[in-house]
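Welcome! Please keep the picture open as you read.

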Amino acid sequence: MLEHLGEAVTIDGVKYPIGHLAPFFHSVPEAGVDGSDLRVRISFSCHVFSEKAKHGEPFHMLDQNESRRRFDKDRYDRGLTLPDDVRALLNSNGVTWEMKDHNDIENMAALTQVPDLKVIKGTFDVILYYLYPSKADHFEVEMNVLTCHVREVNTEGKHKFDMRQAVSYTHLRAHETVLD
């Protein structure tokens, strides 16, 4: 979802490469209906390194929905390791849960030093993301990471999934639609 911005964004004459946020594929073991591995395509939104520009405020870019965004250096710096952090979250089968937003429901996961924690309490970097069944033949699930920021989290009492369950459920939904 960054294709419209190219390989870098230039802010006040400084070039900030964004190639590290290019989409990539990751296999989630035994998440398929038959216990097979599922291939996930992970992509990132420019919200990973920008903030919504307030009305009348100067902006540096438009997002994929043509909304005005301003570059945020702290978010950009945090995003430098985000692809590896998402891989670690998937590899450790970390915890995720659903949150309501203006688009209905999005998913949230904390990027912790111990990613397989089952109850997460405290202040953490969190990712907000969507999972979609893929329409492509060469991968099964699309994961779009919308943003990453620091947030107070308490998952006690929340309905949680592990990442393998979330990916599996997303893939299964596509199969149920085909079978109906």
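Predicted model: local features only at pLDDT ≥ 70, side-chain atom pairs only at ≥ 80, totals over all residues.

What follows is a walk through strands, charged pairs and aromatic rings.

**Around strand β3**

The neighbour of β3 is strand β4 (residues 38-44); the two run antiparallel and are joined by five bridges. Across this pairing, F25 stands opposite R41 in β4.

With a relative accessibility of 36%, F25 counts as partly exposed. The charged end of R39 sits over the ring of F25, 4.2 Å from the ring centre.

Past β4 comes S45, in the loop between β4 and β5 (50-52). Is S45 buried or exposed? Its relative accessibility is 0%, so S45 counts as buried. Leaving aside residues up to four places away in sequence, S45 touches L2, Q64, N144, V145 and L146.

**Charged pairs**

Side chains of opposite charge can pair when their charged atoms come close. How many salt bridges are there here? The count comes to eight.

| Salt bridge | N to O distance |
|---|---|
| E142 and R41 | 3.0 Å |
| E57 and R70 | 3.3 Å |
| K73 and D77 | 2.7 Å |

Take the E142 and R41 salt bridge to begin with. E142 lies in strand β11 (residues 141-154) and R41 in strand β4, so this pair ties together parts that are 101 residues apart in sequence. E142 is buried, having a relative accessible area of 14%.

Now for E57 and R70, which also form a salt bridge. The pair ties together parts 13 residues apart in sequence, because E57 is in the loop between β5 and β6 (61-62) and R70 is in strand β7 (residues 68-71). E57 is partly exposed at 25% relative accessible area, and R70 is partly exposed at 24%.

K73 and D77 sit within helix α1 (residues 73-79), four residues apart, so about one helical turn separates them. K73 is partly exposed, at 39%, and D77 is partly exposed, at 33%. Elsewhere, R78, D85 and D125 are linked in a network of salt bridges.

**A three-stranded sheet**

Strands β5, β7 and β6 form an open sheet in that order, with antiparallel pairing. The edges are β5 and β6, each of which pairs on one side only. Three bridges join β5 to β7, and S50 stands opposite F71 in β7.

**Aromatic rings**

The structure holds seven aromatic pairs. In one of them, the rings of F25 and F139 have centres 5.4 Å apart and planes at 55°, so the pair is tilted. This pair links distant parts of the chain, with F25 in strand β3 and F139 in the loop between β10 (121-133) and β11, 114 residues apart. F139 is buried, with a relative accessible area of 9%.

F71 and Y76 make another tilted pair, because their ring centres are 5.7 Å apart and their planes are at 45°. Both F71 and Y76 are buried. Ring pairs also link Y16, F49, F71 and Y76 into a cluster.

How values were computed: Residues numbered from 1 in each chain as written. Heavy atoms only, no water. Pairing = 2+ DSSP bridges. Buried < 20%, exposed > 50% of the residue type's maximum accessible area, 1.4 Å probe, protein only. Contact = heavy atoms within 4.5 Å. Salt bridge = Lys/Arg side-chain N within 4 Å of Asp/Glu carboxyl O. Phe/Tyr/Trp six-rings, centres within 6.5 Å; stacked < 30°, edge-to-face > 60°. Lys NZ or Arg CZ within 6 Å of the ring centre and 35° of its normal.
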